[in-house]
Amino acid sequence: MLVWLAVLWGLAAADGSDPYCLPYDYDPPLVCEYGIEPRDTGTLLDIYPAAFLHFGFDHLAANSWPLVIFGFLAALRGIGRFLAVSFVIITVSGLGVWLTASGGSITAGASGVVFGLFGYLLARGFVERNAVDITVGLTVFLLYGSLLWGVLPTETGVSWQGHLFGLLGGVASAFWLRRGDRGPRRRRTVWDRRGLTGPPPGHPG
């Protein structure tokens, strides 16, 4: 997660055009080259780089520590699984913004990932019936439950769609990527468990 954070801050530093993210046109109106532009099919794949870009350092700072904390807790169950969860969250959050955000808007930032990891941590323990993960989820909710207000359209200039669909993507990934059984267990008889072979005594062979 520290590497992820370093990438985000490195991109912001390389941009150097606070408060805009990697603009390609410095004449008004300024735009974000890799931001999500709703229903523009030519920029659909920008849902992925948009999750790593921010509209200035204040925007990035607000997302940094929740991203590190939630990401660290999610990654404790395995890096591969964490990357898969993050991919699902970025995809669902980005597509949700692309489909539902207001026309002419441009959306970027890691807040969709933050809300997605939050939702994943809340749901994971209950989906897998794991007491430790349930405890982690409840603790995260008690400490950061106020984040849920961010899924409501209460603040101008904030992508509540990214927050809402990120949260839904996190919950969905807890179901889609839950740990299943490693295959059906072979049924065994008492004779198998004792290492015996052949039919039981008195059984016609």
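**Helix packing, aromatic pairs and selected loop residues**

Ala 101 is buried, its relative accessible area being 4%. In this predicted model, Ala 101 is placed in the loop between α3 and α4, and its C-alpha lies 5.9 Å from that of Pro 38, although the two residues are 63 residues apart in sequence. Leaving aside residues up to four places away in sequence, Ala 101 touches Pro 38, Arg 39, Gly 96 and Gln 161. One of these neighbours, Arg 39, lies in the loop between α1 and α2 and counts as partly exposed, with a relative accessibility of 39%.

The backbone of Arg 39 has a positive phi of about 60°, although the residue is not a glycine. In general, most residues other than glycine have a negative phi. A positive phi, of about 55°, is also found at Arg 129, again not a glycine; Arg 129 is located in the loop between α4 and α5 and, at a relative accessibility of 78%, counts as exposed.

As to the overall architecture, the protein contains 7 helices and 0 strands, which gives the pattern α-α-α-α-α-α-α when read along the sequence. Of its 205 residues, 40% count as buried. Among contacts with a separation of 6 or more, 75% are accounted for by residues 24 or more positions apart.

Two helix pairs that involve α4 were examined in detail. Two packed helices are described by the angle between their axes and the distance between the axes. For helix α4 (residues 111-128) and helix α6 (residues 160-176), the axes come within 6 Å and cross at roughly 35°, and the crossing in which α4 passes α6 is right-handed. On the side of α4, the contact is made by Ser 111, Gly 112, Phe 115, Gly 116, Phe 118, Gly 119, Tyr 120, Ala 123, Arg 124 and Val 127, and on the side of α6 by Gly 162, His 163, Gly 166, Leu 167, Gly 170, Val 171, Ser 173, Ala 174 and Phe 175. When the residues of this contact of α4 with α6 are divided by class, 9 are nonpolar, 9 polar and 1 charged.

The packing of α4 against helix α5 (residues 131-144) is at an angle of about 150°, with the axes 7 Å apart. Because this angle is over 145 degrees, α4 is roughly antiparallel to α5. The crossing in which α4 passes α5 is left-handed. From α4, the residues that make this contact are Phe 118, Leu 121, Leu 122, Arg 124, Gly 125, Phe 126 and Glu 128, while α5 contributes Asp 133, Ile 134, Val 136, Gly 137, Leu 138, Val 140, Phe 141 and Tyr 144. By class, the contact of α4 with α5 comprises 10 nonpolar, 2 polar and 3 charged residues.

With a relative accessible area of 14%, Arg 81 is buried.

With regard to aromatic side chains, a search of the whole structure finds 6 aromatic pairs. One of them joins Trp 4 and Phe 52, whose ring centres are 5.7 Å apart and whose planes are at 25°, so that the pair is stacked. This pair links distant parts of the chain, since Trp 4 belongs to helix α1 (residues 2-15) and Phe 52 to the loop between α1 and α2 (57-75), 48 residues apart. Trp 4 counts as buried at 14% relative accessibility, whereas Phe 52 is partly exposed, with a relative accessible area of 27%.

A stacked arrangement is likewise found for Tyr 48 and Phe 87, whose ring centres are 5.6 Å apart, with the planes at 5°. Tyr 48 lies in the loop between α1 and α2 and Phe 87 in helix α3 (residues 79-100), so this pair ties together parts that are 39 residues apart in sequence. Tyr 48 counts as partly exposed, at 27% relative accessibility. Finally, Trp 4, Phe 52 and Phe 82 are linked by ring pairs into a cluster.

Notes: Residues numbered from 1 in each chain as written. Predicted model: local features only at pLDDT ≥ 70, side-chain atom pairs only at ≥ 80, totals over all residues. Heavy atoms only, no water. Phe/Tyr/Trp six-rings, centres within 6.5 Å; stacked < 30°, edge-to-face > 60°. Helix = DSSP H or I, 4+ residues; strand = E, 2+ residues; numbered from the N terminus. Buried < 20%, exposed > 50% of the residue type's maximum accessible area, 1.4 Å probe, protein only. Axes fitted to C-alpha atoms, helices over the stretch in contact; angles between N-to-C directions. Left-handed = near helix turned anticlockwise from the far one by under 90°. Contact = heavy atoms within 4.5 Å. Nonpolar A, V, L, I, M, F, W, Y, C, P; charged D, E, K, R; others polar. Parallel < 35°, antiparallel > 145°, perpendicular 65-115°, else oblique.
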